[in-house]
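Take a moment to look over the chain before reading on. We will go through it piece by piece, starting with charged pairs and ending with loops.

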Amino acid sequence: MRCARLLLQRSHALYRRTVNTWSAVGAAFNVQHQRLERLQKNVGLFGVSELSSPAGFQMALCQALREAEFLVHRACTHPPCAVTVETFDQLSDSLCKVADLADFIKVAHPDAAFREAAERTCVDIGTVVEKLNTNVDLCQSLKNLLDNEAVLATLDPVTRRVAELFMLDFEISGIHLDESKRSKAVALNVKLLDLNHEFLSGSQLPNAVEKQVLPEHIRHCFSIDGNRVQIGGLYADSPNELVREAAYKIFLYPNASLLVCLDELLACRHELATLVGYKSFSHRALKGTMAKNPETVMKFLKLLTEKLSDRTSKDFMMMKEMKKKTHSTNPEVMPWDHAYLSGAIRTEKFNIDPSVYSPYFSLGACMEGLNHLFTQILGVSFQTVQPKMGELWSEDVRKLALVHETEGLLGYIYCDFFRRPDKPHQDCHFTIRGGRLREDGVYQLPVVVLMLSLPPPSGKTPSLLTPSMVENLFHEMGHAMHSMFGRTRYQHVTGTRCSTDFAEVPSVLMEYFASDYRVVSQFARHYQTGEPLPESLVSRLCESKRVCSAADTQLQIFYAALDQVYHGKPLYRSTTDILREMQETFYGLPYVYDTAWQLRFSHLVGYGAKYYSYLMSRAVASMVWRQCFLQDPFSRVMGERYRREMLAHGGSKEPMLMVQGMLQKAPTIEDFVDALVLDLDANLKPLV
């Protein structure tokens, strides 16, 4: 058996606890990692032999392009049948295996040469994909299949849906256009790749001012470079109001070239969408999602705003009262005050100190907790695997195998959890290789990376997590489980390859488990004494999360509404004017003159027209938690239903049908809104 050959990673320097001993999984994450033997053969990143050096990306790309050429020829010459869909999926897989891996390496590898080679590969494959999406002969082979009723009748529902999804890719790329317009669509897509990169890079750059612009007594709060002060963030949690205000106004000061870039990006998206037959980019982006169209999204956001109105007003009033206590010269709550004042109110009411919690949340203990939870509800467990030389991009990465109690090995999870220089401070899930049933009958196992920014273990002290870090760990592991259990026949729809507003449901659902004391009590132990985390601390933490939660949700509504308007029909106004109007309509705190927050809205790239997904996914997750797991978070019956109805299908089933299968009813927009509002008020304790 393949899983029997997995090597359990054993450490000779296990950290000794007074009461408990770590399992192999806990030990793997609570001790400093052993160095790999340098004399071993370099197997290449993720075991891809070509990627033992940056130059290997070009080799992997060339091989993928050769495979693609062969598969395109086969698709175009083979009579229409199920093999046509299988060939399309193989084509998708051959390109995605290189593109997805490169997409991760370009942001995570410590070596700049690897990052640059991966970046070039992403651009090259992106260009190839756009050309394939406007390849008339390739599209015709699929159209011959979909137009043949006799052949269609022989296809199973999943194969038929995958064929339709491939056709949708052609349609939104303008396959139905004449040759000159198709060429224009390709050019627009290629241009968008450059604009996306330019905007994303620019959104993360700091702004600088001369030192004399800032009062002398706050300059030390920022990074000083010669005679200039560099401000690379909002300093939203600073207790000094002047620091928060200065950071807000300087960090968000309009960058003329980036404003032009955003204008071009939005105009380019709209031109592409209308060229291929959609009213707007938002209409194009939302096809196939739970929401289906921008009208539904705006209905959702407006109805939620109405339902939250009184609660939001009360939250802002509380912030105003708290601001009075700070003896501020400006009594009005300003946008730079939101995060700080809501945090101050939480501290006053509950005095939540992350350092009190962290000793109970060693990373190893949290991983043991996840292992226990998944064993209980899904019948799977983690096994640590010793990586080979060259397989990892950093020696502090851990490799896990996910093994089912009866089905064996399901896939691999690479855990890139610890901070290091030049590593992005973001929590992400990356698909490296999607699962699919290969032609030889063997299942291609999924491979994913989870990337976090946690403090590394040092000496006798393991990595200790704050409550928010624990929540993020559970969130990202929800994505990983989706990837592992989405064991679809076709790679094109495996795991998280589904609509964005559904893809976040499994990860958000995990946050509810992370806040439930019945789950937390299974693993939260003091790393030195073994003392369990008191239930009162978890209760206080959950109650504190509801402080100002209506205002926090309203801020997310504002972001989502802004995203929709930017990607709707052109309003022929500046993006800043639109920002001001949306802020006044959907937020409640005033726009600050000469700021351009939209230039820091990096989600416009990856989540263009889909930022609402976080709110809609949370609504679905809330309903699933409340109906299926609130009574018993370790229910194997509900865990199996969750796997069967939601995790197993990836994108091979309509998202709303998956939700309906899990909840055993079709939820309405009003149900989504009510679920989010109920979360703000309810204690989320089991009903007895």
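A salt bridge here is a side-chain nitrogen of Lys or Arg within 4 Å of a carboxyl oxygen of Asp or Glu. Keep in mind that this is a predicted model. Find D577 and R580. They form a salt bridge, and their closest N and O atoms are 2.9 Å apart. Both residues lie in helix α23, which runs over residues 575-586. They are three residues apart, about one turn of the helix. How open are the two partners? D577 is partly exposed, because its relative accessible area is 32%. R580 has 28%, so R580 is partly exposed as well.

How many salt bridges does the rule give? The count comes to 40. Another of them pairs R228 with E210, with 2.8 Å between the closest N and O atoms. This pair links distant parts of the chain. R228 sits in strand β3 (residues 228-231), E210 sits in strand β1 (residues 207-210), and 18 residues separate them. R228 has 34% relative accessibility, so it is partly exposed. E210 has 31%, so E210 is partly exposed too. Next, look at D440 and R438. Their side chains meet in a salt bridge of 2.7 Å, N to O. R438 is partly exposed, because its relative accessible area is 32%.

Salt bridges can also join into a network. D93, K97, R436 and E439 are linked in this way. Turn to R436, which is found in strand β8 (residues 436-437). Is R436 buried or exposed? Its relative accessibility is 8%, and buried means under 20%, so R436 is buried. The side chain of R436 makes a polar contact of 3.0 Å with the side chain of D93. A second polar contact, of 3.2 Å, joins the side chains of R436 and E439. Leaving aside neighbours within four places in sequence, R436 also touches other residues, including D89, Q90, Y443 and R489.

Now compare another arginine. R284 is found in helix α12. R284 is buried yet has no salt bridge. Which side chain of opposite charge is nearest to R284? It is E130, and it is 6.0 Å away.

I172 leads us to helix α7, which covers residues 157-172. D156 caps the N-terminal end of α7. A side-chain oxygen of D156 lies 3.1 Å from the backbone nitrogen of V158. Just after α7, G174 takes a positive phi of about 90°. The buried residues of α7 include V162, F166, L168 and I172. What do the buried residues of α7 pack against? Their partners are α3 (82-108), α4 (112-132), α5 (136-146), α12 (281-285) and α27 (655-663).

From there, move to the cores. In soluble globular proteins, nonpolar side chains tend to be buried together. The largest nonpolar core in this model has 168 residues. Those with the most contacts inside it are M367, F382 and I413. Helix α22 (residues 549-566) gives the largest share of this core, 11 residues. Apart from it lies another core, of 61 residues, with V85, L95, V98 and V162 among them.

D422 lies in the loop between β6 (408-418) and β7 (428-433). Its phi is near 70°, a positive value in a residue other than glycine. D422 is exposed, because its relative accessible area is 67%. Y572 lies in the loop between α22 and α23. Y572 has a positive phi of about 55°, although it is not a glycine. At 75% relative accessibility, Y572 counts as exposed.

Key:
Residues are numbered from 1 along each chain as its sequence is written. This is a predicted model: local features need pLDDT of at least 70, side-chain atom pairs count only at pLDDT 80 or more; totals for chains, interfaces and linings use all residues. Side-chain values use heavy atoms; hydrogens and water are left out. Helices (H or I, at least four residues) and strands (E, at least two) are DSSP runs, numbered from the N terminus. The expected span of a helix is 1.5 Å times one less than its number of residues. Buried means under 20% relative accessible area, exposed over 50%, partly exposed in between (1.4 Å probe, protein chains only). Contact means heavy atoms within 4.5 Å. A polar contact is a pair of N or O atoms within 3.5 Å; within protein, one must be able to donate a hydrogen and the other to accept it, and residues adjacent in sequence count only if both atoms are side-chain atoms. Lys and Arg count as positive and Asp and Glu as negative; His and the chain ends are not counted. A nonpolar core is a set of buried Ala, Val, Leu, Ile, Met, Phe, Trp, Tyr and Cys residues joined through side-chain atoms within 4.5 Å.
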